[in-house]
Amino acid sequence: MTALEVRHLHKRYGQQVAVNDVSFTVEEGEIFGIIGSNGAGKTTTVECIAGLRTPDSGTISVLGLDPIKDRAQVRERLGVQLQESSFPDAIKVAEALELYSSFYRKPADWRELMELLGLTEKRHTRYKALSGGQKQRLSIALALVGNPKVAILDELTTGLDPQARRDTWSLIERVRDTGVTILLVTHFMDEAERLSDRVAVIHGGRVAAVDTPAGLIAQASTVQQVRFRVRQPLDKRVLTELRDVTDVAITDDRWLVTGSGQLLSSVAGALARAQVVAEDLRLDRRNLDDAFVAFTGRAPQSPGPFRKEG
Ligand SMILES: Nc1ncnc2c1ncn2[C@@H]1O[C@H](COP(=O)(O)OP(=O)(O)OP(=O)(O)O)[C@@H](O)[C@H]1O
């Protein structure tokens, strides 16, 4: 069943077009990633889905409901963790969870959530005294406390150290396993590749591509590269004459062969026929970064400086 449906969404701020004809659907139980550079229109899109902004045109359905017209029903079914959640500094972890759970008719057990998110030890700690990772986990807990069917998580792991990021990813997978559909907004390619069943690449307010991470990588990687080292003489023509090979570059004993099709097996076969022993023979693995560059013409942002988990 379809959990989210966005059709021909348009949104501008004055003269600034933020979202320009965005359409996609998310099936129930999916983790659906939205990736894009700063200013691509990701947050505006999810804010429209959450009913926090009114689209200029287009339609949005959240479990068959309209986020603006059916605001109250959508609120009961949709959990939102938006960028830079801010809470009163003095509120304690348990107080925040109890307070937020009181906003819903059928909330989750907030104590269980606190345990699931690893916050039980910090239940009496004030918000301002939490580490970056703990604040992030609290904001995820608050997005889930209404027992939502669909959760929107925006910039889930920004500012977390590598271990805290991995812990958060496992947590999100556990949440999905409980049946929650997740819309994950990120500009980190490793996060999208690791977590998402499907990903939409948003660029300049438009959807540049939607597919599984592997599908996006395959769409973008018609060009392949094989690397190896050889210590014995090797005539370059052994490789340049192969049908799948378009270029061969040699630096000292390091060879880089560019081509397409069955490049790795073609190169390995040619080397075997020439009775040359290649070391470290490998096909460069393409990843979502490469696909992102291919679809947007821009390099993805790095995770950036992180805060140490306390
Ligand atoms: N409240 C606003 N007023 C005016 N322009 C805005 C507003 N919010 C966003 N924009 C502009 O709309 C465009 C899309 O912004 P949006 O925040 O949706 O992008 P994003 O993909 O979420 O970016 P980021 O990764 O930086 O959060 C940008 O050009 C941005 O400057």
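Two strands count as paired if DSSP finds at least two bridges between them. Strands (E, at least two residues) and helices (H or I, at least four) are DSSP runs, numbered from the N terminus.

Housekeeping next. I'm working on a predicted model, where local features need pLDDT of at least 70, side-chain atom pairs count only at pLDDT 80 or more, and totals for chains, interfaces and linings use all residues. Residues are numbered from 1 along each chain as its sequence is written.

**Strands.** I started with E1 (residues 2-13). It pairs with E4 (residues 57-62) in the antiparallel sense, over five bridges, and I found Glu 5 opposite Ser 61 of E4. E1 also runs antiparallel to E2, with nine bridges joining them; Val 6 has Phe 24 in E2 as its bridge partner. E1 and E2 make a hairpin with two residues between them. I checked the turn: Gly 14 has a positive phi of about 60°.

**Ligand.** Which residues surround the ligand? I listed Tyr 13, Gln 16, Ala 18, Gly 36, Asn 38, Gly 39, Ala 40, Gly 41, Lys 42, Thr 43, Thr 44 and His 187 (near means the C-beta atom, placed from the backbone, lies within 6 Å). Strand E2 (16-27) and helix H1 (42-49) are the elements that give two or more residues to this shell. H1 has the largest share, three residues. By type I get three nonpolar, eight polar and one charged (Ala, Val, Leu, Ile, Met, Phe, Trp, Tyr, Cys and Pro are nonpolar; Asp, Glu, Lys and Arg charged; the others, Gly among them, polar).

**Domains.** The assignment, automatic or from a database, gives domain 1 (2-218) and domain 2 (222-285). Their C-alpha centres lie 45 Å apart.
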